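This report describes one protein model for a reader who has not seen it before. Please look at the sequence and the structure shown here, then read on.

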Amino acid sequence: MQYPRKGRNWYSAMGILFIVSGVIVITRDIILWSPEFVADFLFDSEINSAKISFGMFAFGGFLLILGLRKKIVQ
């Protein structure tokens, strides 16, 4: 008997790792500075840690979806 191991692969693990890292960075920024200051970071023209952490959310979500997709076995 085979048990489906959906979502337990390299892509899912890396996706969760990227999402958790992004949460840590945003939480650290909000604790060190105020939420208004972090919001200003998001909307300025420079590349900074707030924008990179939202990129980490997007990339982690992509990897998570890639890891959870159903594989077609022939």
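Which side chain has a polar atom 3.3 Å from the backbone nitrogen of Lys 51? The side chain is that of Asn 48. The sections below begin with the model as a whole and return to Asn 48 at the end.

## Model and confidence

The model is predicted. Its protein chain has an average pLDDT of 87, and 84% of the residues reach a score of at least 70.

Helix H1 has the highest mean, at 94, while helix H2, residues 35-43, has the lowest, at 89.

## Overall fold

The protein chain contains three helices and zero strands. Read from the N terminus, the order of its elements is α-α-α.

The chain has 74 residues, and 19% of them are buried.

## Helices H1 and H3

Helix H1 covers residues 10-32 and helix H3 covers residues 49-68. Their axes come within 7 Å of each other and cross at roughly 160°. Because of that angle, H1 is roughly antiparallel to H3; the cut-off for this description is an angle over 145 degrees.

The crossing of H1 past H3 is left-handed. Among the residues of this contact, 17 are nonpolar, nine are polar and two are charged.

Asn 48 is located in the loop that lies between H2 and H3. Is this residue buried or exposed? Asn 48 counts as buried because its relative accessibility is 12%, and the limit for buried is under 20%.

The side chain of Asn 48 has polar atoms close to the backbone at two positions given here. One of these is the backbone oxygen of Phe 41, at 3.0 Å from a polar atom of the Asn 48 side chain. Another is the backbone nitrogen of Lys 51, at 3.3 Å from a polar atom of that side chain.

Asn 48 also has a side-chain partner: its side chain makes a polar contact with the side chain of Asp 44, at 3.3 Å.

Key: Residues numbered from 1 in each chain as written. Predicted model: local features only at pLDDT ≥ 70, side-chain atom pairs only at ≥ 80, totals over all residues. Heavy atoms only, no water. Axes fitted to C-alpha atoms, helices over the stretch in contact; angles between N-to-C directions. Helix = DSSP H or I, 4+ residues; strand = E, 2+ residues; numbered from the N terminus. Parallel < 35°, antiparallel > 145°, perpendicular 65-115°, else oblique. Left-handed = near helix turned anticlockwise from the far one by under 90°. Nonpolar A, V, L, I, M, F, W, Y, C, P; charged D, E, K, R; others polar. pLDDT = per-residue confidence, 0-100. Buried < 20%, exposed > 50% of the residue type's maximum accessible area, 1.4 Å probe, protein only. Polar contact = N/O pair within 3.5 Å; in protein donor to acceptor, adjacent residues only side chain to side chain.
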